[in-house]
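Here is a short report for a first look at a protein model. Keep the sequence and the 3D view open while reading.

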Amino acid sequence: MKRTLASDIDGTLLINGEIATTTLDAIKLLKEAGHSFILCTGRDFANTKQVFEQYDLDIDGLVLCNGAFILDSHLESYYEKNIKQSIAKEIYDAYDQKDGFYMAYVDGYSTYMDRYPDFIDQMALEVQKVSKEEMNEKSGEIKLISLIALGATVDEVEKIKNQLNTRYRNDIIAYRNQTFIDIVPKGCSKASGIAKLMDKLESSEEHIYVIGDSWNDLSMFESYPSSFTFNHAEEDLKSYVKYTVDSVEDCIRHLLEKN
């Protein structure tokens with residue numbers, strides 16, 4: 001029976017900036033057994049491509065921008081949805097000059113910032129540094145806004161996320177990803193993205209396995225029974241999954257042993 005593994009990237013596949021050799025070997029076994037492998041992430045295409053090319057991952061589709069941008073196995077656009085321009089501008093104006101806050105616009109293919117922390121050049125992520133005017137020009141084609149709150153606690157970030165979801169509940173949904181907040185158009189999530197790809201792959205819900213490490217993976221956990229997170233994940237998050245494991249390869253082992 002053909003199955004699909006949908007995996008988050010940061011904190012799940014990439015640990016301290018690298019994918020372990022044991023994880024890569026397990027993914028190879030998964031593919032050799034005839035199963036599908038898709039990546040589900042808040043990243044844009046450029047920053048996802050650098051991962052699957054560097055590690056030569058054989059993928060069957062990409063759920064990017066937390067479900068707002070989906071590419072099929074040929075890396076062609078299969079679905080995309082933008083945040084309303086007026087909402088993007090309003091959120092930008094609210095946090096653009098706020099101390100300790102930084103904002104990134106993601107148009108699906110690239111990530112843009114006009115203000116960035118000192119450590120941005122040391123980050124593994126590729127960011128296009130643009131002017132304030134260029135940010136304003138981009139506001140009509142944004143699929144994800146990433147709000148970075150330096151020095152804020154998890155509780156503080158959670159509070160901001162809830163405030164955004166209350167104020168803009170008809171237009172966007174905000175997810176907390178550790179101490180980042182990812183904002184996407186209403187109706188977009190990793191789970192909705194997986195569902196759209198599964199229609200194309202003609203795979204049923206019971207044959208889908210999902211794994212992630214943070215709250216922007218919650219939609220996957222709630223939608224698919226074969227859900228996995230890590231033993232080191234936040235305790236509250238673990239209550240939403242069926243299985244906790246030490247590694248992605250443990251998840252793949254479980255999938256391969258399933259009759």
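The report starts with the whole chain and then turns to single parts.

## Ground rules

This is a predicted model: local features need pLDDT of at least 70, side-chain atom pairs count only at pLDDT 80 or more, and totals for chains, interfaces and linings use all residues. Residues are numbered from 1 along each chain as its sequence is written, and side-chain values use heavy atoms, with hydrogens and water left out.

## The whole chain

The protein chain has nine helices and 14 strands. These elements are DSSP runs, numbered from the N terminus: helices are H or I with at least four residues, strands are E with at least two.

Along the principal axes, the C-alpha atoms fill a box of roughly 55 × 40 × 35 Å. The radius of gyration of the chain is 18 Å, which agrees with the value near 18 Å for a compact globule of 259 residues. That radius is taken over C-alpha atoms, and the globule rule is 2.2 Å times the number of residues to the power 0.38.

## Surface and interior

Of the 259 residues, 54% count as buried. Buried means under 20% relative accessible area, exposed means over 50%, and partly exposed lies in between (1.4 Å probe, protein chains only). The accessible surface comes to about 12100 Å². Carbon and sulfur atoms hold 45% of that surface. Areas come from the Shrake-Rupley method with a 1.4 Å probe; for residues, only the protein chains shown count as cover.

Contacts are heavy atoms within 4.5 Å. Among contacts between residues at least 6 apart in sequence, 57% join residues at least 24 apart.

## Helix 1

Helix 1 covers residues 21–32. Its twelve residues should span 16 Å, and its end C-alpha atoms are 16 Å apart, which agrees. The expected span is 1.5 Å times one less than the number of residues.

The buried residues of helix 1 are Thr23, Ala26, Ile27, Leu30 and Lys31. They cover an arc of only 140 degrees around the axis, so they sit on the same side of helix 1. The arc is that of the directions from the helix axis to the C-beta atoms. Their cover includes strand 1 (4–7), strand 2 (36–40) and helix 9 (248–257). The face turned away from the buried side carries the exposed residues Thr21, Lys28 and Glu32. Gly34 follows helix 1, with a positive phi near 95 degrees.

## Cysteines

How many disulfides does the structure hold? It holds zero. A disulfide is a pair of cysteine sulfur atoms within 2.5 Å. The sulfur of Cys40 is 12 Å from the closest cysteine sulfur, in Cys251, so the gap is too far for a bond. Cys40 is buried, at 0% relative accessible area. Cys251 is also buried, at 0% relative accessibility.

Gly108 is found in the loop between strand 6 (101–106) and strand 7 (111–113). Gly108 is buried, with a relative accessible area of 0%. Leaving out residues up to four places away in sequence, Gly108 touches Asp44, Phe45, Leu64, Cys65, Phe69 and Lys143. Gly108 and Ile142 are 34 residues apart in sequence, yet 7.4 Å apart in space, C-alpha to C-alpha.

Asp56 lies in the loop between helix 2 (45–54) and strand 3 (62–64). Its phi is positive, near 55 degrees, in a residue other than glycine. Asp56 is exposed, at 68% relative accessibility. Asn66 lies in the loop between strand 3 and strand 4 (69–71). Asn66 has a positive phi of about 50 degrees and is not a glycine. Asn66 is buried, at 0% relative accessible area.
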